[in-house]
Amino acid sequence: VFLGILSSRSVKASVWLQSGLTVFKIVVICVIVGLAMYSLGEGESGSVTESFRDTTSSIGKIGLAFYQSLWAYDGWNGLNYVAEEIPNPGRHLPRAITW
């Protein structure tokens, strides 16, 4: 909601904020991967060897997991169709999101 309001007010500020957050996320991911590699280098592999215990490799369950994750993003596809039909989306979409 905050990014929608910010984007409707100032596109430049929204771009800067989203770019900054993206850089932050990439740095955090690199730190996590680096710490994991360091931990593996020190010989701590207990969490890696035990990570798939009590799991299943059923193709049906894997397919269901993919289907559920795709369903979670389906709303964004619908948003494009709704925005196409609204007479003044720049004005009405931020209002609809905040109400």
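This is a predicted model: local features need pLDDT of at least 70, side-chain atom pairs count only at pLDDT 80 or more; totals for chains, interfaces and linings use all residues.

Modeller: Residues are numbered from 1 along each chain as its sequence is written, and side-chain values use heavy atoms, with hydrogens and water left out.

Biologist: How many helices and strands does the secondary structure of the protein chain come to?

Modeller: Helices (H or I, at least four residues) and strands (E, at least two) are DSSP runs, numbered from the N terminus. The protein chain has 6 helices and 0 strands, in the order α-α-α-α-α-α from the N terminus on. Its radius of gyration is 21 Å, well over the 13 Å that the globule rule gives for 99 residues, so the chain is more spread out than a compact globule. The radius is taken over C-alpha atoms, and the rule is 2.2 Å times the number of residues to the power 0.38. Along the principal axes, the C-alpha atoms fill a box of roughly 60 × 35 × 20 Å.

Biologist: What percentage of the residues in the protein chain is buried?

Modeller: Buried means under 20% relative accessible area, exposed over 50%, and partly exposed in between (1.4 Å probe, protein chains only). Buried residues make up 4% of the 99 residues. The accessible surface of the chain comes to about 8,900 Å², with 67% of it belonging to carbon and sulfur atoms. Such areas come from the Shrake-Rupley method with a 1.4 Å probe; for residues, only the protein chains shown count as cover.

Biologist: Which residues form a nonpolar patch on the surface?

Modeller: A patch is made of residues with over 30% relative accessible area and no salt bridge; like charges are joined within 9 Å, nonpolar side chains (Val, Leu, Ile, Met, Phe, Trp, Tyr) within 5 Å. A salt bridge is a side-chain nitrogen of Lys or Arg within 4 Å of a carboxyl oxygen of Asp or Glu. Here Val23, Val27, Val31 and Leu35 form the patch, with about 360 Å² of accessible area together. Val27 is found in helix 2 (residues 11-41) and is partly exposed, at a relative accessible area of 46%.

Biologist: Is Ile29 buried or exposed?

Modeller: Ile29, also placed in helix 2, counts as exposed because its relative accessibility is 52%. Its C-alpha atom is separated by 27 Å from that of Val11, 18 residues apart along the chain.

Biologist: What separates the C-alpha atoms of Ile97 and Phe2?

Modeller: These C-alpha atoms are separated by 9.8 Å, although Ile97 and Phe2 are 95 residues apart along the chain. Ile97 is found in helix 6 (residues 89-98).
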